Amino acid sequence: MFKMIKSDFRAVLEMDPAATSKLAVIFTYSGFHAILAYRLAHRIHRLGMPFFARLISQTARFLTGIEIHPGAQIGGHFFIDHGMGVVIGETSEIGEHVVLFQGVTLGGTGKERGKRHPTLGSHVVIGAGAKILGGITIGDNVKVGANAVVLKSVPAHSTVVGVPGRVVKQHGQKAIESEMLDHVHMPDPLYESLTRMQKQIARLEQKLGIQGGGEQVFELEQAGKQGGRQGQSSRKGRKGQTKVQLSSFKGVEVEALPVETVQERQARMARMEKEERMKMIAFKKARDAASQNQEQPEAEEG
């Protein structure tokens with residue numbers, strides 16, 4: 001136990017640039033106090049005294065704001081930065097050289113018994129506010145972004161972000177100790193998708209000959225009078241036909257689909273409903289006539 005405590009103490013000095021002295025760590029670091037209380041409570045829990053172990057953990061929770069169940073299994077060189085709101089469940093398993101930031105939850109997903117909390121490998125960094133739920137496995141050298149919600153197992157050497165958490169980066173290189181605390185420069189899948197879309201739009205505009213980044217003015221010329229609509233209207237060809245002219249297309253004219261006003265669309269829907277009713281009436285008359293024709297031969301035979 002004392003070997004583990006020394007390892008945790010060294011982890012604070014190595015991982016936290018604000019740790020300027022050993023006395024500051026011993027007397028002012030709530031994360032180290034919570035881990036110290038956990039080591040003692042875990043030892044008592046293994047000796048078969050769960051009540052006293054739980055009493056120690058709850059006292060530490062009251063003093064530090066960090067709740068670590070005595071039944072959890074935590075490896076050495078464990079570091080909790082700030083730590084307020086951290087919750088570690090009973091069946092959680094944590095490897096070596098793991099860093100947790102404030103608000104992290106290693107919890108379960110229901111009332112199931114047995115292994116219901118996550119297993120973390122070594123050299124894992126969990127960002128602030130992240131939630132890892134269920135009996136899943138987080139591989140070695142994994143980074144979990146802030147406020148991510150991880151519900152599925154994550155392979156080693158991966159980066160996970162989002163709600164629900166998804167792997168956005170995976171490589172085969174081992175994480176460097178000095179870079180473990182950097183959980184800010186994470187990939188942004190939404191930004192990357194928007195960037196790809198913008199590049200695709202730019203390529204399409206270039207093929208079509210559009211200039212000015214696609215900020216063009218479409219002049220709509222539509223048949224009939226359309227009160228309150230923007231643009232200039234004129235009657236071109238058959239009713240409802242619209243011609244779209246792009247000022248940047250160098251004289252190219254593109255014919256679009258007919259455009260309907262609200263009144264025209266309502267009238268068309270009314271005509272369709274009327275036609276359907278007429279069809280149903282005609283079908284009913286034909287069916288009645290057929291039934292009458294069948295009844296007449298039977299009456300003559302009788």
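These legends go with a set of close-up views of a predicted model.

View 1. Averaged over the protein, pLDDT comes to 76, and 73% of the residues reach 70 or more. Strand β4 (residues 87–88) has the highest mean among the elements, at 93, while strand β16 (residues 218–222) has the lowest, at 43. Go carefully around residues 212–250: pLDDT stays under 50 there, although the model gives the stretch 69 contacts beyond four places in sequence. Residues 252–257 also sit below 50, with 13 contacts in the model beyond near neighbours in sequence.

View 2. Zoom in on F78 and, leaving out residues up to four places away in sequence, you'll find it touching D8, A11, I35, R39, I88, I94, V98 and L100.

View 3. D8 belongs to helix α1 (residues 2–15) and R39 to helix α3, so the pair ties together parts 31 residues apart in sequence. Both partners are buried. They also both turn up in the list of residues that F78 touches.

View 4. Side chains of opposite charge can pair when their charged atoms come close. Here E67 meets R61 in a salt bridge, with 3.0 Å from N to O. R54 forms a salt bridge with E67 too, its closest N and O atoms being 3.5 Å apart. As for cover, R54 is partly exposed at 31% relative accessibility, and R61 is partly exposed with a relative accessible area of 41%. Shared partners join R54, R61 and E67 into one network.

View 5. L47, M49, F51, F52 and L55 make a patch of about 550 Å². F52 sits in helix α4 (residues 50–64). With a relative accessible area of 47%, F52 counts as partly exposed, because it falls between the 20% and 50% cut-offs.

**View 6. Positive phi in two loops.** H123 has phi near 60°, a positive value in a residue other than glycine. Look for H123 in the loop between β8 (119–120) and β9 (125–126). N147 has a positive phi as well, near 65°, and isn't glycine either; N147 lies in the loop between β12 (143–144) and β13 (149–150). Which of the two is buried and which is exposed? H123 is buried, at 15% relative accessibility, whereas N147 is exposed, with a relative accessible area of 53%.

View 7. The bond from V163 to P164 is cis, with omega near -5°. P164 is found in the loop between β14 (158–161) and β15 (166–170).

Notes:
Residues are numbered from 1 along each chain as its sequence is written. This is a predicted model: local features need pLDDT of at least 70, side-chain atom pairs count only at pLDDT 80 or more; totals for chains, interfaces and linings use all residues. Side-chain values use heavy atoms; hydrogens and water are left out. Contact means heavy atoms within 4.5 Å. pLDDT is the predictor's confidence in each residue, from 0 to 100. Helices (H or I, at least four residues) and strands (E, at least two) are DSSP runs, numbered from the N terminus. Patches are made of residues with over 30% relative accessible area and no salt bridge: like charges are joined within 9 Å, nonpolar side chains (Val, Leu, Ile, Met, Phe, Trp, Tyr) within 5 Å. Accessible areas come from the Shrake-Rupley method with a 1.4 Å probe; for residues, only the protein chains shown count as cover. A salt bridge is a side-chain nitrogen of Lys or Arg within 4 Å of a carboxyl oxygen of Asp or Glu. Buried means under 20% relative accessible area, exposed over 50%, partly exposed in between (1.4 Å probe, protein chains only).
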